[in-house]
Amino acid sequence: MLRYALKRLLSLILSLAVASLVIFLVVEVAPGDPASFMLGVNAQADTVAALKAELGLDQSKTARYLSWVAGMLGGDFGTSYTYRTPVAGMIADRMWVSLPLAFYALTLSTLIAFPAGIYAAARRGKAGDMAVMGATQLGVAVPNFWFAMMLVLIFAINLRWFGAGGFPGWEAGIWAGLHALTLPAIALALPQAAILTRVMRSALLDILDEDFMRTARAKGLTRRQALWRHGVRNALIPVLTIIGLQFSFLLAGAIIIEQVFYLPGLGRLVFQAISARDLIVVESVVMLLVFAVITVNFLVDLAYALVDPRLRSRA
Amino acid sequence: MTRNLILGAVLSSLVLLAAAVSFLWTPFDHTAMNIPAKLQTPNAQHWLGTDHFGRDLMSMIMVGARTSIAVALVAVGIGMGAGVPLGLTAAARKGSWLDEVIMRGNDLVFAFPSLVIAILITAVLGAGAINAIIAIGIFNIPVFARITRGAALSLWEREFILAARVAGKNAARISAEHILPNVTNLLIVQGTIQFSLGILAEAGLSYVGLGAQPPTPSWGRMLADAQTMVSFAPHLALVPGTAIILTVLGLNLLGDGLRDWLDPKLRMART
């Protein structure tokens, strides 16, 4: 197990190193120099040069890459070109919107998918199963930002149960915050719930054909008892893997949903930074998201290997 | 033939047909503004209503279908064009450093949240349909590389491949002449699914303003325009939304249906 973990850790570090290099290079080829962008078209050449020196843009690409990476390792993400404040602080502020939103959506999607998947598997081929599977087909076909607009139309504009957007801040109280995040979380959760329901159902169906399920039935358990006592527990392994992967999807997917609801999260930060040519912010937020995804995948792999020893030898 | 396959084929052909017909005929000029006729709900003259400039939504949807299809199709082409040869190579050289490099590269692209990188690419190269295609296409490469490699690996164990090797064919010829034809079905099914994901991705990118730029109509941007008017003109959001949903649903059903239909084992189990 230790060997497996070390091997995976090595590949995690390698992935992060390559990812940081790719992100840096992609952003570096961006047209438009941040210094001249900030100062406007009428800026004097020496003013631009001075600002470049201040921002560290006059250094070589290698030096800038190394100082960016070294800074991040120490929790210093550099200073925003436009706001002149530490990027780490900006990200931390926005994180308090994006992370709770992703967790909220993940919780909702799990709460929908578990009962729906178990229900469909228990009624394989019957009307209930068909209805659930039809709903999931629709769920994966609906663009979540469109669904978000429909939620706003129904629950914010017509019924007035929720606000149409914005975020009061957690200072306004946990309930006010959660209330503001409810529609975005539902919009974000819908396609994921549809996928998770399908995974839950097919994981259960695979297990229903196993010998130990037949044994459970043979010793006198009803279908339902066998499903709950032996089926669901064994189906959890693939389902948990998908839940782990979904977390990263939700964090990244929140970018568009945040646009729909005008939420001050990481997504809006990225869009604002892109239009202001605030490259250091773009680089750092993207790197952070990639870091989150790669790390979550790593943890899921480890958890998987802990539960199922067969996987350790495959690495 | 399954119900999925028929329903999927019908929905997908309708969208293709709408896009094809739009080259020859649309009910109105999709760019023609007619302010007195603005924000009409669907009626006999404007079948799907009009937008805030009085443009005919039906015409915009038909021309917008071209954008969606073109972007998603080329993105699938990029994914297949690069991914399939990579997957074939990795399988032919299983266990070698080349296989290792290709598969680790795949894992890396998979690890990037695709939407974030699409946004990064379009932000760097500028918004537009071409850059949206590149952004979506790159993420199709590892998908095709992975499924091609997986399917090819099991084929390499088969006797007819052994026979080809005994006949003196090299790995490249075997991959092209024997492996590739046997993974085509799988690629068609996956291609359909990636196509539908491409339509969704294109809509998302144009919604946030990073996809096709005006005056090229696109479903995602129609939704973005509709957002501020949804309270008094919900049809502006309902029409493009329904177009996206029906297209994606149709392609997904087609993919599922094709998978069942092309897989003889499943077909026999049914009859």
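Leaving out residues up to four places away in sequence, A203(A) touches A235(A), P238(A) and V239(A), and A203(A) itself belongs to helix α8 (residues 174–208) of chain A. In this predicted model, A203(A) counts as buried because 22 other C-beta atoms lie within 10 Å of its own, where 20 or more are needed. Between A203(A) and S98(A), which are 105 residues apart along the chain, the C-alpha separation is 30 Å.

**Chain A as a whole**

- Chain A contains twelve helices and zero strands, so that reading from the N terminus the elements run α-α-α-α-α-α-α-α-α-α-α-α by the DSSP assignment.
- Taken along the principal axes, the box filled by the C-alpha atoms of chain A is roughly 85 × 60 × 35 Å, and of the 315 residues in the chain 36% are buried.

**Spans annotated as transmembrane**

- For chain A, an unreviewed UniProt entry gives "transmembrane region" for residues 101–122, 143–162, 174–196, 235–257 and 285–307.
- Among these spans of chain A, residues 174–196 are 100% helix and 0% strand in the model, with end C-alpha atoms 28 Å apart, while residues 285–307 are also 100% helix and 0% strand, with end C-alpha atoms 33 Å apart.
- For chain B, the UniProt annotation "transmembrane region", again from an unreviewed entry, covers residues 67–88, 108–139 and 232–255.
- Residues 67–88 of chain B are 100% helix and 0% strand, and their end C-alpha atoms lie 31 Å apart, whereas residues 232–255 of chain B are 88% helix and 0% strand, with 37 Å between the end C-alpha atoms.

**Contact between the chains**

- The contact between the two chains involves 28 residues of chain B and 34 residues of chain A.
- On the side of chain B that touches chain A, the elements giving two or more residues are α3 (97–111), α4 (114–125), α7 (171–207) and α9 (235–262) of chain B, and the largest share, eight residues, comes from α9(B).
- By residue class, that side of chain B divides into 23 nonpolar residues, five polar residues and no charged ones.

**The largest nonpolar core**

- The largest nonpolar core has 154 residues, of which A148(A), V270(A) and V116(B) touch the most other members, and its largest share, 19 residues, is supplied by helix α2 (residues 57–92) of chain B.
- With neighbours within four places in sequence set aside, V116(B) is in contact with A252(A), I255(A), V286(A) and L289(A).

**Helix α8 of chain B**

- Helix α8 (residues 219–226) of chain B is mostly covered, with seven of its eight residues buried, namely W219(B), G220(B), R221(B), M222(B), L223(B), A224(B) and A226(B).
- The elements that cover these buried residues of α8(B) include α7 (144–158) of chain A as well as α2, α7 and α9 of chain B.

Note on methods:
Residues numbered from 1 in each chain as written. Chains lettered and ligands numbered in written order. Predicted model: local features only at pLDDT ≥ 70, side-chain atom pairs only at ≥ 80, totals over all residues. Core = buried A, V, L, I, M, F, W, Y, C linked by C-beta atoms within 7 Å. Buried ≥ 20, exposed ≤ 12 C-beta atoms within 10 Å, placed from the backbone. Helix = DSSP H or I, 4+ residues; strand = E, 2+ residues; numbered from the N terminus. Contact = placed C-beta atoms within 7 Å. UniProt positions renumbered as here; feature names shortened; annotations may be inferred. Nonpolar A, V, L, I, M, F, W, Y, C, P; charged D, E, K, R; others polar.
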